[in-house]
Amino acid sequence: MAGEDIIMMTQGELKKLHIAKKAIDKTITQTEASDFLDLSLRQVGRIIARINLEGDKGIIHKSRGKPSNRAKPRKIKDKALKLCREKYKDFGPTLASEKLFEIDKIKVDDETLRLWFIEGHIIYRSRRKRPHRQWRQRKDCFGEMVQMDGSHHDWFEGRGEPCVFMGYIDDATGNPFGKFYDYEGTLPAMDSFKGYIEKNGIPLSLYLDKHSTYKVNHKRSIEDELNNTDPLSQFTMTVKELGANVIHADSPQAKGRIERLFGTLQDRLIKEMRLKGIKSIEEGNRFLEWYLPVYAKRFGVVPAKTADLHRPLPKTIDLDKILCKKTEHALRNDFTVAHDKKLYQIENNIRAQKVTVEERTDGSMFILHRDAPLKFKEIITRPKKVVEQKTYVFPNKARTPAADNPWRAFKINSRSAREQRERELLLTEA
C-alpha cells in the first residue's frame, strides 16, 4: 500500500538519523557523533547497528504506540472518571485526586487526572490570568502581622442560610483561623478576634481593609481636627487597647494572602462540607476546628525566623470586658435607658446624666456607671399612643372670580376711595 513507505518521525529522531548516517558514511567518527547527540559512544553504536539492520525506521523508539508500563488499568480510569462526574462534580484535578485517594482509595496523580478530564470532556474551573502585581516579601516571624477580613459567600450551597466567614491568616506562615457568622459586623469581628487570641495570643499588628466595621470613613469632626486625631471604630479601639497595631489596606490586592485564602476555601472548603453534609453555622464551626489545622499542614510555609511574636494574654485582663460593644446613653428622669429600640428600667438610685451599655460577644448585656454594673430590667409592656384621626384638607386651587362677583366691585370702590384721599392730601399740603 502507498502508506506503508511513510515513516513518521519527530524532529529529534530526524536529527539522530542525520548524524548516524554521517557516521555510517565515515564522514564523522562515532565519537564526534556522540558529542553532537549528547549520547554515550555505546549508545551511538547501538543506534548505528539498528539502522544497518532495520533501515531508517530503526531510529524510532520501540515503545511508540504501545501503552506505558505505568499506565492505569482501564477499569480504574473508568471508575475514577465516573466518580468525578457524579460524586466529585466541579472538583478540580488536584482536589479530586486527593479525595479519590482519601475516600475511595484510588491513587491517581493530579496531572494524569487533568489529562483524563481533557480526554473525557469534563469541565473544571481553571485559574484566571491575573494582572501583574509587585511581590511583597512575607514577614519574618509568626505573629508579626496577621491579615483579617470577612468573606460573604453561600458557604453551604443552599443547604443553609448564607453567612460570612471571618478569616485570619498569618503573613509569615500562612496559618489560617476563622469562624462562620450571620453577618460581618463589630460583635462578630470581636468574637472571632477573641478566638484567635485564645488560640495564638495577641499579634503584633492586624492588617484590615476599610470596611465600616474596622475604619470610620466619614469626615473628622471639629473636635477631632482640633486634637489632630482620627475617629476610631469600636473594633479598632479594642485592638489598640490590647496593644496591637492596626494597618488599613488601600486595596484588596494589598492584602492578597487573605484574599487567596478565601478563593481557595470557596473552592475546597465548600466541597469538603458538601461531602460531610454540613448545613448550619454551628456544624461548620465544629468542622473548621478539624479542617483548618489540616489546611495549615497542606499549604503552610516555614517562616524565615523561628521567633513567635504573639504576646500571651495577661491573666489580669478580662477579654470579654475589652472585646465588647460600648454605647453611651442618657439616663432619663424616670431612671430608664433606651437602647436598640428597647427600654430598660434602672433599679439603682444613682445620680448620673449618662450610662454605658456594654454588649458582649456571648449575647449578654450590661449597663454601667463609672465602670460599676447596675441592676436593670427590660420594660416589655408599654402604653400605646393614641393615633389621631387626620382630616383631609383639600388643596387650594387657583380660581378666577366671575365678572359680577361682589369682590370686584369692592376692589374698584376701594381703589377710588384711596385715590380720592390721596388727592385731598396733596391739595391740603399745597
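**Note on the sheet and its cores**

1. Leu 242 touches Phe 193, Ile 197, Ile 202, Arg 311, Leu 319, Ile 322 and Leu 323, leaving aside residues up to four places away in sequence. Contact means heavy atoms within 4.5 Å.

2. This is a predicted model: local features need pLDDT of at least 70, side-chain atom pairs count only at pLDDT 80 or more, and totals for chains, interfaces and linings use all residues. Residues are numbered from 1 along each chain as its sequence is written, and side-chain values use heavy atoms, without hydrogens or water.

3. The largest nonpolar core has 24 residues. Such a core is a set of buried Ala, Val, Leu, Ile, Met, Phe, Trp, Tyr and Cys residues joined through side-chain atoms within 4.5 Å. Buried means under 20% relative accessible area (1.4 Å probe, protein chains only). Met 148, Tyr 168, Phe 193, Leu 206, Phe 235 and Leu 242 touch the most other members. Helix H7 (186-200) is among the elements that each supply at least two residues. H7 gives the largest share, five residues.

4. A second, separate core has 20 residues, including Trp 155 and Tyr 291.

5. Five strands form an open sheet, ordered E3-E2-E1-E4-E5, with mixed pairing. Helices (H or I, at least four residues) and strands (E, at least two) are DSSP runs, numbered from the N terminus. Two strands pair if DSSP finds at least two bridges between them. E3 and E5 are the edge strands.

6. E4 and E5 run parallel, joined by four bridges. Leu 206 has Val 246 in E5 as its bridge partner.

Key. Buried < 20%, exposed > 50% of the residue type's maximum accessible area, 1.4 Å probe, protein only.
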